[in-house]
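Okay, everyone, thanks for coming. Let me put the model up on the screen, and then we'll walk through it together.

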Amino acid sequence: MASLIVVITVGGWIGRQPDGFARAWDAIMSGQVTDPSKQLARPSNGPPPGLEEEQVRLLPPVSAATTPVAGAFTRTQEGPDGGTVPVAWSPCRPIHYVVNPAGAPVGFADTVAVAMRELSGLTGLVFVDDGVTAEAAVEQRGAYQPNLYGDRWAPVIVQFTDETADPGLAGRVAGMAGVQAVADPTTGLQHFTTGSVHLDVTLLAQPSNGAEAVYLSVLRHELGHLIGLAHVENPTQIMNATAFVETYQEGDLAGLAVLGRGACAPGL
């Protein structure tokens, strides 16, 4: 069964995003394990299935004090029980990422590492720092780049760029995040396998907001999109499209906790 790749691109502070989707709190799936003896066909546009995939999640799930609002997720799908669940990353394998330091502030890779550790604590997902890369920013990035990253799904990339490389950054857009979903042939469920975060270089000319650089709040917002959060109307949440909010708030945290509770993806 061929794997289906779905590319989702969502806007930063002001930008593109798909229509909202239904709430998916009560229908979150636990990790699913298929028969390990089952032979899985290698997809024509991806690596061998099951790389680094464990039979159970790598970290405990995260609980939240509230439930996410309707439309909090960029993409949803029908779960095994017929309920609606968000498309998410597999919690049973690490999410690798790289940083392109070109045009970025000194210490940018370390800043991204701190943000990823924070995100791990809020989702129960594992992030692995694969170092720096010279991969150039493009609007539509390949999910599988064996010549550059070996026989695996390409790691998430985080970098500064401009509207010439990513037209989505035109105008007042401060950041863009793209995530790519692939259908697991053993379950039919879609899972995110890679993505990109682009921060507009114009952010570097903005004055600091107290102790933090302005781009940090944009980075957190875009990482929310990377995990699967959509824009929300509530201006007190970091996932609001236009309000300036420094870090994740109650509704954001609820959505991140849900997205960290996806199913395993043994067929990818």
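So, to start: in which loop is Glu52 found? Glu52 is in the loop between strand E1 (5–11) and strand E2 (76–78).

Quick housekeeping before I go on. This is a predicted model, where local features need pLDDT of at least 70 and side-chain atom pairs count only at pLDDT 80 or more, while totals for chains, interfaces and linings use all residues. Residues are numbered from 1 along each chain as its sequence is written, and side-chain values use heavy atoms, with hydrogens and water left out.

Back to Glu52. Its phi is near 65°, a positive value in a residue other than glycine. For context, most residues other than glycine have a negative phi. Glu52 counts as partly exposed because its relative accessibility is 44%. On the cut-offs: buried is under 20% relative accessible area, exposed is over 50%, and partly exposed is in between, with a 1.4 Å probe and protein chains only.

Now the overall layout. The protein has four helices and nine strands; these are DSSP runs numbered from the N terminus, with helices being H or I of at least four residues and strands being E of at least two. From the N terminus on, the order reads β-β-β-β-β-α-β-α-β-β-β-α-α. Of the 268 residues, 52% count as buried. Looking at contacts with a separation of 6 or more, 75% of them are between residues 24 or more positions apart. Contact here means heavy atoms within 4.5 Å.

Next up, helix packing. You describe two packed helices by the angle between their axes and the distance between the axes. In our case the axes are lines fitted to C-alpha atoms, over the stretch in contact for helices, and angles run from 0 to 180 degrees between N-to-C directions.

Take helix H1 (residues 108–123) and helix H3 (residues 214–227): they pack at an angle of about 50°, axes 11 Å apart. That makes H1 oblique to H3. From H1, the contact includes Phe108, Val112, Ala115 and Leu119, and from H3 it includes Tyr215, Leu219 and Leu223. By class, that contact has 10 nonpolar, two polar and two charged residues. The classes go like this: Ala, Val, Leu, Ile, Met, Phe, Trp, Tyr, Cys and Pro are nonpolar, Asp, Glu, Lys and Arg are charged, and the others, Gly among them, are polar.

H1 also packs on H4, at about 75° with the axes 8 Å apart. That makes H1 roughly perpendicular to H4. Leu119, Leu122 and Thr123 of H1 meet Leu253, Leu256 and Ala257 of H4. This contact has five nonpolar, one polar and no charged residues.

And how many of the 10 residues of helix H4 (residues 250–259) are buried? Seven, so H4 is largely enclosed by the rest of the structure. Among the buried ones are Asp252, Gly255 and Leu256. The buried residues of H4 pack against strand E3 (84–86), strand E4 (88–89), H1 and H3. Leu253, also in H4, counts as partly exposed at 31% relative accessibility. Beyond residues up to four places away in sequence, Leu253 touches Ala64, Leu122 and Tyr248.

Last topic: the core. By nonpolar core I mean a set of buried Ala, Val, Leu, Ile, Met, Phe, Trp, Tyr and Cys residues joined through side-chain atoms within 4.5 Å. The largest one has 45 residues, and Trp89, Phe108, Val158, Leu199, Leu219 and Leu223 touch the most other members. H3 gives the largest share, eight residues. Apart from this core lies another, of five residues, including Trp153 and Leu268.

Let me finish on Leu219, which is found in H3. Leu219 is buried, with a relative accessible area of 0%. Leaving aside neighbours within four places in sequence, Leu219 is in contact with Val112, Ala115, Val158, Val197 and Leu199. Leu219 and Met176 are 43 residues apart in sequence, yet 9.4 Å apart in space, C-alpha to C-alpha.

Note on methods: Angles under 35 degrees count as roughly parallel, over 145 as roughly antiparallel, 65 to 115 as roughly perpendicular and the rest as oblique.
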